Structure formats: C-alpha cells, structure tokens
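Let's take a friendly walk through a protein model, stopping at a few side chains along the way. Keep the picture open as you read.

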Amino acid sequence: MMFCPLAIDWGNAADWASAIASFCAVVAALWIAFGQERNARKLRRSAKNEEHARSAHLISEVIRLTAEIEAFANAGAMFAETGGGRNGGLVSHSQDIEGARAQLSALQHYPQSDPRIFGEIGRIIRESALPSDFLASSISFQALVCRGLAERLAPRRAILAQLLSSSS
C-alpha cells in the first residue's frame, strides 16, 4: 500500500489523540498529587523546625532567668555575710529575685507543647521563693536562705540544659 496523506484512518488518529490526551491527563494528575505531597512535607518540616526553635528559645530564656536568680541569691548571700544586710540592704536583691520570678511566671503562659518545660518552670518558681519574713529576719538567716536558694537552682539549670540538648 502506498502512503497517501489523504488516506489517513481518522478513527485510528482520534484513538491515538485520545490515548495521548489521557496519558497527559494522568501524568498531570500525578504531577499535581506528588507536588502537593512535597509541599505538605515541606510545611510539616517547617512547622517542626519552628516548634523546635520556639522550644529552644523558651528553654534558653528559662535558663537565663534561673541563672539571674542564682546570681542575685549568691550576691545577696555575700552581701549578708559581709554584714551589708543591715538596715534592709537586701531589699534590692530580693526585689531582683522577685522580678525574675515574675518573668518566669509569665513564661508559663507561653504556647508550648512540652510539659517538662512547664514543670521545670513551676519547680524553679517554687524553689526560688523567699520566705515572707525574709527581710525582717536576721542577717545570718538571710545569708542561709540566699545560699540555699542558689544551691537549689543549680540542678534545675542542669536539667534545663539537658532538655535543650535533647530537643536538638
């Protein structure tokens, strides 16, 4: 048979055109589906990274505030031990401690999914509380309270550092 352009079997051409169009539609559908999956995966990864960054920032801030309370307590103990605690000299140290505790209390409202962090914040707030009669008590008692406070917070900072490294 001789090739003649006018003798094309249009039924076969239509079948071929339909098959090619169907194949292209399937490829396009697969391309869209896999593209959506890739985008969803990227979004999940991004959300996970953001969650990790928020958690690391929160833990770092709690460590910083805990170290501040420790430093204020150690300074207050040294101040009292050297006799500087007379006439309410530890007022500023106790106010600094209370200010850092208030910041920790505010961090408990920070959106976070890890209950271990909030548990540690609560323990730090509880363990850093000064007795209500702190400023009215003797200088030696003030020094003991400040030393004890600093000693109780050091292990809390270590636990927070472990949480920070385990979330990395």
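## A residue tucked inside

This is a predicted model. Our first stop is His-93, found in helix α2, which covers residues 91-107. The relative accessible area of His-93 is 16%, and because buried means under 20%, His-93 counts as buried. Leaving aside residues up to four places away in sequence, His-93 touches Phe-72, Ala-75, Gly-76 and Phe-79.

## A nonpolar patch outside

Now turn to the surface. Val-26, Leu-30 and Phe-34 make a nonpolar patch of about 300 Å². Phe-34 sits in helix α1 (residues 10-81), and with a relative accessible area of 52% it is exposed.

## Charged partners

Side chains of opposite charge can pair when their charged atoms come close. The count for this model is 10 salt bridges.

One of them joins Glu-68 and Arg-64, with an N to O distance of 2.3 Å. These two are four residues apart in helix α1, so about one helical turn separates them. Glu-68 is partly exposed at 26%, and Arg-64 is partly exposed at 35%.

Another salt bridge, also listed at 2.3 Å from N to O, connects Glu-70 and Arg-157. Glu-70 belongs to helix α1 and Arg-157 to helix α4 (residues 139-166), so this pair ties together parts 87 residues apart in sequence. Glu-70 is buried at 10% relative accessibility, while Arg-157 is partly exposed at 29%.

## A linked network

In helix α3 (residues 115-127), Arg-123 and Glu-120 are three residues apart, about one turn. Their closest N and O atoms are 3.1 Å apart in a salt bridge. Glu-120 is buried at 4%, whereas Arg-123 is partly exposed at 30%. Together with Glu-127 and Arg-156, they are linked in a network of salt bridges.

Notes. Residues numbered from 1 in each chain as written. Predicted model: local features only at pLDDT ≥ 70, side-chain atom pairs only at ≥ 80, totals over all residues. Heavy atoms only, no water. Buried < 20%, exposed > 50% of the residue type's maximum accessible area, 1.4 Å probe, protein only. Contact = heavy atoms within 4.5 Å. Patch = residues over 30% accessible without salt bridge, like charges linked within 9 Å, V, L, I, M, F, W, Y side chains within 5 Å. Areas by Shrake-Rupley, 256 points an atom, 1.4 Å probe, with all protein chains shown as cover. Salt bridge = Lys/Arg side-chain N within 4 Å of Asp/Glu carboxyl O.
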